[in-house]
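Colleague: I am new to this structure. Please walk me through how to read its features.
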Amino acid sequence: MSDVKPRAARRGGRWIEEWDPEDEHFWRTTGESVARRNLVFSVLSEHIGFSIWSFWSVLVLFMGDEYGIDPAGKFFLVSTATLVGAVVRVPYTFAVARFGGRNWTVVSASMLLLPTVAAWVVMEPGTSYTTFMLVAILTGVGGGNFASSMTNINAFFPLRKKGWALGLNAGGGNIGVPVVQLVGLLVIATAGDGSPRVLLAVYTPLIVVAAALAWRYMDNLAPVTNDTGAARESVRDAHTWIMSFLYIGTFGSFIGYSFAFGLVLQNQFDRTPLQAASITFIGPLLGSLVRPFGGHWADRFGGARITLLTFLGMAAATGVVIVASRAESLAVFLVGFIALFVLSGVGNGSTYKMIPGIYQAKARAMGLRGEEAAAYGRRLSGAAIGLIGAVGALGGLGINLAFRQSFLTTGSGVNAFVSFLAFYGLCSAVTWAVYLRGARRAATGGGGAAVAGGRPSEVPAYTGV
């Protein structure tokens with residue numbers, strides 16, 4: 001196959017009928033340029049989606065005493081947006097195969113206008129808390145863009161490039177969180193903390209631009225179809241749930257901390273909205289920028305190794321945050337908290353690299369080779385990615401609910417951080433026990449993992465664990 005074959009009219013969009021990224025000649029001559037083009041505009045749309053999803057992490061900074069909402073209520077608003085964003089990731093994953101990656105990107109980007117316009121209408125003192133909750137529910141649609149974007153890009157790239165491509169796609173999307181927080185800072189600094197509609201006015205035209213560019217430049221892949229058998233198989237596969245658990249620790253931490261950072265600074269260290277906004281974007285920005293490196297290092301050294309080091313580092317950083325909180329040291333607290341963002345970003349990249357690697361290793365353990373093994377890996381990883389992304393995002397809900405309860409009962413976030421520390425210890429133990437211990441035994445002749453390229457594979461030989 002020497003070229004792709006787009007069709008101008010199939011179910012209403014641009015379709016590529018044949019796609020084989022594992023064919024090196026096809027990839028060099030045609031596939032890579034097409035995949036990179038789709039990656040660029042996928043990143044743009046996902047970036048705006050993350051910004052809309054994280055609107056409430058910024059809008060709560062505009063909600064002074066005149067709104068009559070206490071810190072626990074604000075954490076709950078943020079949690080609501082997090083929950084909905086996690087839940088809609090599942091149908092968004094299957095929408096790519098049903099409607100086409102390009103077509104669904106246009107639709108999902110356009111849907112971001114709903115929460116933006118709704119927030120414009122209601123964002124003022126005197127609005128009921130129930131109304132704010134309903135708008136927070138609408139902003140959750142921005143969280144779904146991640147799942148459809150990752151599923152789409154996963155199909156465009158060969159296995160050897162997935163760590164980099166998925167890391168870049170996700171990292172570019174994740175940057176939408178610090179960018180909206182930075183824009184919020186500029187609005188507060190220039191127009192004051194009583195002007196939330198200025199923030200909304202900035203994003204409305206950007207949504208339209210993202211949808212228009214996706215319509216003009218992206219493609220649909222005809223070979224990508226919804227495989228209900230693969231979906232059922234991935235749900236029954238223990239590794240899907242193990243990786244979901246680990247992704248709670250990485251991405252759940254990233255999105256949960258991103259949404260909560262400003263509120264924690266306001267309520268634990270008495271920062272003003274402007275002071276909080278001037279800091280909150282730093283952690284999510286760094287965490288987003290390092291995500292592609294997490295994928296790259298996973299490509300080079302193995303995803304499980306990088307993921308284990310990430311969780312050990314996150315446990316250490318959480319310990320620093322606990323000590324700083326008790327000592328009421330803002331400077332030390334910021335060092336530890338920003339380290340959590342950076343490490344979660346690395347872990348986001350490495351865990352997503354592990355997913356296709358796991359199913360490739362499972363295929364080899366089943367006796368499959370070559371393109372047959374690659375096809376099996378794409379089939380199962382494509383089905384699992386959406387579910388793993390959805391469950392992982394629920395970690396953000398857990399973090400915000402933990403902060404809400406901790407501040408409600410003690411006026412501090414220390415108890416929440418103690419629970420996070422225990423969780424990262426558990427994630428470290430699971431990563432080592434499932435994906436490294438068996439590999440080490442195989443490397444020394446003890447059985448358990450296939451060894452490829454002189455390095456243990458991402459997963460022990462599949463035994464249903």
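Modeller: Start with the elements. Helices (H or I, at least four residues) and strands (E, at least two) are DSSP runs, numbered from the N terminus. Asp270, for one, lies in the loop between helix 13 and helix 14 (273-280). This is a predicted model, where local features need pLDDT of at least 70, side-chain atom pairs count only at pLDDT 80 or more, and totals for chains, interfaces and linings use all residues. Residues are numbered from 1 along each chain as its sequence is written, and side-chain values use heavy atoms, with hydrogens and water left out.

Colleague: Is Asp270 buried or exposed?

Modeller: First the scale. Buried means under 20% relative accessible area, exposed means over 50%, and partly exposed is in between (1.4 Å probe, protein chains only). Asp270 counts as exposed because its relative accessibility is 64%. Its backbone is worth a look too: phi of Asp270 is near 55°, a positive value in a residue other than glycine.

Colleague: Where does Glu328 lie?

Modeller: Glu328 is in the loop between helix 16 (303-327) and helix 17 (330-365). Glu328 is not a glycine, yet has a positive phi of about 55°. With 66% relative accessibility, Glu328 counts as exposed.

Colleague: Now a glycine. What does Gly413 touch?

Modeller: Contact means heavy atoms within 4.5 Å. Not counting residues up to four places away in sequence, Gly413 touches Gln268, Phe403, Ser406 and Phe407. Gly413 sits in the loop between helix 18 (370-410) and helix 19 (414-443). Its relative accessible area is 0%, so Gly413 is buried. From Gly413 to Val321 the C-alpha distance is 9.8 Å, and they are 92 residues apart in sequence.

Colleague: Which residues have the most contacts inside the largest nonpolar core?

Modeller: The general idea first. In soluble globular proteins, nonpolar side chains tend to be buried together. A nonpolar core is a set of buried Ala, Val, Leu, Ile, Met, Phe, Trp, Tyr and Cys residues joined through side-chain atoms within 4.5 Å. Here the largest one has 123 residues, and Trp56, Leu199, Tyr257, Phe333 and Phe403 have the most contacts inside it. Helix 13 (residues 238-268) gives the most to this core, 14 residues. Take Tyr257: leaving aside neighbours within four places in sequence, its contacts include Phe337, Phe403, Phe417 and Tyr424.

Colleague: What does Leu221 touch?

Modeller: Leu221 touches Trp15, Ile16, Trp19, Ala155 and Phe156, residues up to four places away in sequence not counted. Leu221 belongs to strand 3 (residues 220-221). Leu221 is buried because its relative accessible area is 5%. Leu221 and Gly100 are 121 residues apart along the chain, with their C-alpha atoms separated by 6.6 Å.

Colleague: How many salt bridges does a search of the whole structure find?

Modeller: Side chains of opposite charge can pair when their charged atoms come close. A salt bridge is a side-chain nitrogen of Lys or Arg within 4 Å of a carboxyl oxygen of Asp or Glu. The search finds seven. One of them joins Glu32 and Arg36, with the closest N and O atoms 3.1 Å apart. Both lie in helix 1 (residues 24-53), four residues apart, about one turn of the helix. Glu32 is partly exposed at 24% relative accessibility; Arg36 is partly exposed at 38%.

Colleague: Which salt bridge links distant parts of the chain?

Modeller: Take Arg37 and Asp219, whose side chains meet at 2.8 Å, N to O. Arg37 is in helix 1, Asp219 in the loop between helix 11 (196-217) and strand 3, 182 residues apart. Arg37 is partly exposed at 27% relative accessibility, whereas Asp219 is buried at 4%. Another such pair is Arg197 and Glu124, also a salt bridge (3.1 Å, N to O). Arg197 is in helix 11, and Glu124 is in the loop between helix 6 (113-122) and helix 7 (129-139), 73 residues away. Salt bridges that share partners also join Arg14, Arg37 and Asp219 into one network.

Colleague: What is the nearest side chain of opposite charge to Arg89?

Modeller: Lys and Arg count as positive and Asp and Glu as negative; His and the chain ends are not counted. For Arg89 the nearest is Glu46, 6.5 Å away. Arg89 is buried yet has no salt bridge. Arg89 lies in helix 4 (residues 89-99). Among the residues it touches are Phe50, Trp53, Phe146 and Phe251.
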